[in-house]
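Subject: Structure handover

Hello,

Here is the structure we talked about handing over. Please look through it first; my notes on what was found follow below.

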Amino acid sequence: MTDPEQTRVTDYYRQRDKHPPVQYDPLSQWVARTVKHRDLALANALRRAELGNIESLRGLEIGCGSGGNLLFLLRLGFRPEHLTGNDIMGERIGQARRRLPPTVRLLTGNADRLDLESGSIQVVLQSLVFSSIMDGNTTARVRDEIWRVLAPGGGLLWYDLRFGNPGNPNVRGIRLREIRQLFPQAKVTAWSTTLAPPLSRAVCRLAGPLYEAFNLLPFLRSHLVCWIAKPE
């Protein structure tokens, strides 16, 4: 990232890590349900991509944080020696190193400059990265670097906000139209997921089982899962 944008993003997430909002408590019912539906949507997107044996695929997560999503990819069947994680925050990479098998490769640095060969990755995962970038030039550079490392026939597995958060100026929503504009050469397949967090928290406080009923209504879902396929 550009220095000002990197500083803004890292300052925001360091502050959030220092004082984690109570609504992100991983033991809360709404977080557990959100993660469950997100992981199911991501797994379904990979299944529909028909990439073949997962054990043979090479995967990369940009913005990997402390490694939770890399653990998810391991559960899906990716081999640890075929996985790479990248994050701009060294402290988060340190946390991921303690959680993950030693053969998972971890890179500290900007997602617009990856120490990876062109065309070497079949699956790139990004979760809530693009919605955290406000600078258009930075967005384009990260997009270009993802496209560079992706192998033909591979794809970007996308999970991100489709609506902005009026209470959080550090994130923005990204609609499907913008995703298609970012990746004009790609075939983009998209699904909505994740009951909008304010509604999800309220429903889980009042009657947790109702979460499933509310989540059936697509217009109440706040995120998109996409498979953004690079042509053969």
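The fold contains an open sheet of seven strands in the order β3-β2-β1-β4-β5-β7-β6, and the pairing is mixed. Helices (H or I, at least four residues) and strands (E, at least two) are DSSP runs numbered from the N terminus, and two strands pair if DSSP finds at least two bridges between them.

Before going further: this is a predicted model, where local features need pLDDT of at least 70, side-chain atom pairs count only at pLDDT 80 or more, and totals for chains, interfaces and linings use all residues. Residues are numbered from 1 along each chain as its sequence is written, and side-chain values use heavy atoms, with hydrogens and water left out.

The bridge partner of Asn 86 is Leu 107 in β3. Helix α4 (residues 90-99) lies across β2 and β3 and runs at about 170 degrees to β3. Helix α2 (residues 29-49) lies across β4 (121-127), β5 (150-161), β6 and β7 (221-229), at about 160 degrees to β5. Axes are lines fitted to C-alpha atoms, for helices over the stretch in contact, and angles run from 0 to 180 degrees between N-to-C directions.

Two residues other than glycine have a positive phi. Glu 50 has a phi of about 50 degrees and is found in the loop between α2 and β1 (59-62). Phi of Thr 194 is near 70 degrees, and Thr 194 is found in strand β6. Glu 50 is exposed at 69% relative accessible area, whereas Thr 194 is buried at 1%. Buried means under 20% relative accessible area, exposed over 50%, and partly exposed in between (1.4 Å probe, protein chains only).

Thr 193 also lies in β6 and is buried, with 5% relative accessibility. Leaving aside neighbours within four places in sequence, Thr 193 is in contact with residues including His 37, Arg 38, Tyr 159 and Val 225; contact means heavy atoms within 4.5 Å.

The structure holds 13 salt bridges, each a side-chain nitrogen of Lys or Arg within 4 Å of a carboxyl oxygen of Asp or Glu.

- Glu 212 and Lys 36 meet at 3.8 Å, N to O. Glu 212 is in helix α8 and Lys 36 in helix α2, so this pair ties together parts that are 176 residues apart in sequence. Arg 33 is linked with both in a network of salt bridges.
- Asp 115 and Arg 105 meet at 3.1 Å, N to O. Asp 115 sits in the loop between β3 and β4, Arg 105 in strand β3, 10 residues apart. Asp 115 is exposed at 56%, and Arg 105 is partly exposed at 36%.
- Glu 145 and Arg 148 meet at 2.8 Å, N to O. The two are three residues apart in helix α5 (residues 136-149), so about one helical turn separates them. Glu 145 is buried at 10%, while Arg 148 is partly exposed at 28%.

Regards
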